Amino acid sequence: MDSTDFKPSRRHLLQGAAITAAVGLATPVMGQAATASSGGGKPLSNPQNGYPKPPFTEQSQPWPGLAGKMNPRPDHGESSYQGSQQLAGRRALITGGDSGIGRAVAIAFAREGADVAINYLPAEEPDAREVADLIRQAGRKAVTIPGDIRDPEFCRRLVQDATKALGGLDILVNNAGRQHSYDSILDIPDDQFDWTVKTNLYALFWITKAAVAVMPEGAAIINTASVNAYDPSKNLLDYAMTKAGIANFSKGLAKQLIDRGIRVNAVAPGPFWTPLQVSGGQTTEKLKQFGSDTPMKRPGQPAEIAPIYVQLASARSTYVTGQVFGASGGAGQP
């Protein structure tokens, strides 16, 4: 199906992504492009192997960064994720859907039968176009809506435009995030603090509020928190604070919305190989050894976490709400 593009004539700045998708689940979705699979489930293998390990080459990108320019390029499940119609007929909006976790989730959702709208920064258009093509190859509708989620009016219009283009909205994934490494609280400029908090918390509130007003019974909201919500890194003080807020928000909102028939959960990733890390999220030195301090001895690839989002979005998970699911390579909580 053709993609639908919304290009609001607004500020051209901000948002991010975060981390995500793929393991073999079952038979491919009807209309899905042929993928690298010999049929059946993914073969058993040592989870420490099969994906890139540190040390990584020295690299950096200007914010917000592009997956296509990373070395090695992240695996979002482009060639490995197989769907089983768990989300057939569903309609999803994913913020930060151009790269990282959001990209992997968009691919997985489409191959599970959902139509998908993604939001991203205008600077991330090259990555977003790739995602839209992958959604269409799965036989689903792709809607691309660039814009800055620090703007409350844009957040409200984002939900409105996605709902109109998809013919409804029953899955919301608040995934976009801002992360920048600072060694000391004394080094964090006020404008950078404001940037992080508005992207990670204010936008979450604005988008969710608008979505709840149009979501039907049985809908699902999934928020991307972080291992930093429970074990904050000393160089990510403001980011960790917002991620703890996301976990708390998810638990409280779940109690409030269950009477409307809407489930709310969160995912708390550990170190994942995404543009968030190479565009200021980590120092150059820490990036070289990124993920080496986990029992897995490597960072996660976005493809490895997308199935959690699929599970939480699925109507099969009817008794799962108010939970935070971790994926951190053997370290951290929950």
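**Labels and the values behind them**

Modeller: Let me begin with a pair of charged residues: the side chains of Arg-156 and Glu-153 meet in a salt bridge, with 2.7 Å from N to O. Please keep in mind throughout that this is a predicted model.

Colleague: What makes the contact of Arg-156 and Glu-153 a salt bridge?

Modeller: The label asks for a side-chain nitrogen of Lys or Arg within 4 Å of a carboxyl oxygen of Asp or Glu, and the N to O value for Arg-156 and Glu-153 is 2.7 Å, so the pair qualifies under that cut-off. Both residues lie in helix 3, 3 residues apart, which is about one turn of the helix. In general, an α-helix has 3.6 residues a turn, so residues three or four places apart point the same way.

Colleague: Why are Arg-156 and Glu-153 called partly exposed?

Modeller: Partly exposed is the range between the buried limit, under 20% relative accessible area, and the exposed limit, over 50%. Arg-156 has 39% relative accessibility and therefore falls in that range, and Glu-153, at 43%, counts as partly exposed as well. Elsewhere, salt bridges that share partners join Arg-73, Glu-78, Arg-103 and Glu-130 into one network.

Colleague: How many salt bridges does the structure hold, and what makes the one between Asp-170 and Arg-90 a link between distant parts of the chain?

Modeller: The structure holds 13 salt bridges. In the pair you name, the side chains of Asp-170 and Arg-90 come to 2.6 Å, N to O. Asp-170 sits in the loop between helix 3 (152–166) and strand 5 (171–174), whereas Arg-90 sits in the loop between strand 1 (4–5) and strand 2 (91–95), and the two are 80 residues apart. Both Asp-170 and Arg-90 are buried.

Asp-115 and Arg-140 also form a salt bridge, their closest N and O atoms being 3.2 Å apart. This pair, too, links distant parts of the chain, 25 residues apart, with Asp-115 in strand 3 and Arg-140 in the loop between helix 2 and strand 4. Asp-115 counts as buried because its relative accessibility is 12%, and the label needs a value under 20%.

Colleague: Which elements do the buried residues of helix 2 pack against?

Modeller: They pack against helix 1, strand 3 (115–120) and strand 4 (142–146). Among the buried residues of helix 2 are Ala-128, Val-131, Leu-134 and Ile-135. Helix 2 (residues 125–137) reaches 18 Å, close to the 18 Å expected for its 13 residues, and just after helix 2 Gly-139 takes a positive phi of about 85°.

Colleague: Why is Thr-196 called buried, and what makes its approach to Asp-238 a polar contact?

Modeller: Thr-196, which lies in helix 4 (residues 190–212), has 2% relative accessibility and so counts as buried, the limit being under 20%. The side chains of Thr-196 and Asp-238 are joined at 3.4 Å, and because a polar contact requires N or O atoms within 3.5 Å, the value meets the cut-off. Thr-196 also touches Arg-178, Tyr-239 and Thr-242.

Colleague: Is Val-324 buried or exposed?

Modeller: Val-324, in strand 8 (residues 324–327), counts as buried because its relative accessibility is 12%. Its contacts, leaving aside neighbours within four places in sequence, include Tyr-230, Ala-247, Lys-251 and Pro-334.

Colleague: What forms the nonpolar patch on the surface?

Modeller: Ile-185, Leu-186 and Leu-237 form the patch, with about 370 Å² of accessible area together. Leu-237 lies in helix 5 (residues 237–257), and it counts as partly exposed because its relative accessibility is 46%. For the chain as a whole, buried residues make up 58% of the 334 residues.

Key: Residues are numbered from 1 along each chain as its sequence is written. This is a predicted model: local features need pLDDT of at least 70, side-chain atom pairs count only at pLDDT 80 or more; totals for chains, interfaces and linings use all residues. Side-chain values use heavy atoms; hydrogens and water are left out. Buried means under 20% relative accessible area, exposed over 50%, partly exposed in between (1.4 Å probe, protein chains only). Patches are made of residues with over 30% relative accessible area and no salt bridge: like charges are joined within 9 Å, nonpolar side chains (Val, Leu, Ile, Met, Phe, Trp, Tyr) within 5 Å. Accessible areas come from the Shrake-Rupley method with a 1.4 Å probe; for residues, only the protein chains shown count as cover. Helices (H or I, at least four residues) and strands (E, at least two) are DSSP runs, numbered from the N terminus. Contact means heavy atoms within 4.5 Å. A polar contact is a pair of N or O atoms within 3.5 Å; within protein, one must be able to donate a hydrogen and the other to accept it, and residues adjacent in sequence count only if both atoms are side-chain atoms. The expected span of a helix is 1.5 Å times one less than its number of residues.
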